[in-house]
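Let's take a walk through a protein model together. Have a look at the sequence and the 3D view first, then read on.

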Amino acid sequence: MSATLKSLRALSDPTRLRIVALLERDELSVNELQEITRLGQSRISTHLGLLSDCALVQSRRDGKRTFYKLDQNADSAAGEFIQLAVRGAKELPEHSHDQINLKRVLARRKEQAQVYFNQIAGRFDRVYGPGRSWQAFGHLLLRMLPPLVVADLGAGEGLLSELLARRSKKVIAVDNSERIVAFGAAKAKKNGLKNLEFRLGNLQDPPIEPGSVDVAVLSQALHHAEIPADALAAAYRILKPGGQILILDLLKHNFDKAHELYGDRWLGFAESDLHHWLEKAGFKKIEVSIVAREEQPPHFQTILAGAEK
């Protein structure tokens, strides 16, 4: 039987159309596909075997589990079949439920990965060792950075700016408080950081030349912005082509006292809002994820967002 006929035969079954559509977004294990489709394990494995035989799907081992994804080396004909299969799957009554279950399974996988990271972080804090500290760990990571021009937007007194200046070509720290800018500039001079410059300005219109910096950082600053979307658009303007924006901020929360206690204008942000604003500003390769959760009430969660101009 020809390759074309094998592919047509493989895609003649609605269940296999569903599997192809699910694998379009991410690689999945048999157990994950079973949970999403509510089908038995043996049935899923049989369908995956048929799709693999006609080079539409490929697999990889990860410990005891096998993950499947669409064949990245598929020829043009196979690629056309895959697109037809995805279109066909969208016409099936199970499609909407599959997509909801897929989103849930991927979110849980992400959470499990974060739990693992937090466990490592927790052990790092609990297990004492001479010279073992987050401060030293941070300096080690900074050594990996190339010499870049960095804008620290909403820098405050400049703690992060000072750390970045140890390795960066130049750091421009922007804040809207004259007192804080004066304090930061004096401290930078005292510490001999000639490549750290403090400038008075706001997040919506930072006093930085367009297309002049490699990285724009907003660390717990965006929730002070009058219009967050405008602040991200301003960051886009000052970046060089291929430059990156990095945002650390709070996940949307209900701790109203943050307005009074910390002067926060916004009570954090939804991940979807950050993604939308970055996309609207023109950024590409957008990634938004939760990277930390405080153990004590009100259990603030920290979002890390990154994107490229």
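Predicted model: local features only at pLDDT ≥ 70, side-chain atom pairs only at ≥ 80, totals over all residues.

Residues are numbered from 1 along each chain as its sequence is written, and side-chain values use heavy atoms, with hydrogens and water left out.

**The sheet**

Helices (H or I, at least four residues) and strands (E, at least two) are DSSP runs, numbered from the N terminus. Two strands pair if DSSP finds at least two bridges between them. In general, strands of a sheet pair through backbone hydrogen bonds, either parallel or antiparallel.

Here, seven strands make an open sheet with mixed pairing, and their order is β6-β5-β4-β7-β8-β10-β9. At the edges sit β6 (196-200) and β9 (284-293), each pairing on one side only. From one strand to the next, the twist averages 15°. Zoom in on β5 (residues 170-175): this strand pairs with β6 in the parallel sense over five bridges. For example, Val-171 has Leu-196 in β6 as its bridge partner.

Which helix touches β5 and β6? That's α9 (residues 178-190), which packs on the sheet, its direction making about 165° with that of β6. Another helix, α10 (residues 228-238), lies across β4 (149-153), β7 (213-219) and β8 (239-250), and runs at about 150° to β8. Contact means heavy atoms within 4.5 Å. Axes are lines fitted to C-alpha atoms, for helices over the stretch in contact, and angles run from 0 to 180 degrees between N-to-C directions.

**Salt bridges**

Side chains of opposite charge can pair when their charged atoms come close. The rule used here is a side-chain nitrogen of Lys or Arg within 4 Å of a carboxyl oxygen of Asp or Glu, and the count comes to nine salt bridges. Three of them are in this table.

| Salt bridge | N to O distance |
|---|---|
| Arg-104 and Glu-35 | 2.9 Å |
| Lys-187 and Glu-162 | 3.4 Å |
| Lys-240 and Asp-214 | 3.4 Å |

Arg-104 belongs to helix α6 (residues 95-126) and Glu-35 to helix α3 (residues 30-37), so their pairing ties together parts 69 residues apart in sequence. For accessibility, buried means under 20% relative accessible area, exposed over 50%, and partly exposed in between (1.4 Å probe, protein chains only). At 35%, Arg-104 is partly exposed.

**Helix on helix**

Helix α3 packs against α4 (residues 41-53) at about 115°, with the axes 9 Å apart. Angles under 35 degrees count as roughly parallel, over 145 as roughly antiparallel, 65 to 115 as roughly perpendicular and the rest as oblique. The α3 and α4 pair is therefore roughly perpendicular. Residues making this contact include Leu-33 of α3 and Leu-48 of α4.

Helices α10 and α12 (residues 271-281) pack at about 45°, their axes 9 Å apart, and are therefore oblique to each other. Among the residues in this contact are Tyr-236 of α10 and Trp-277 of α12.
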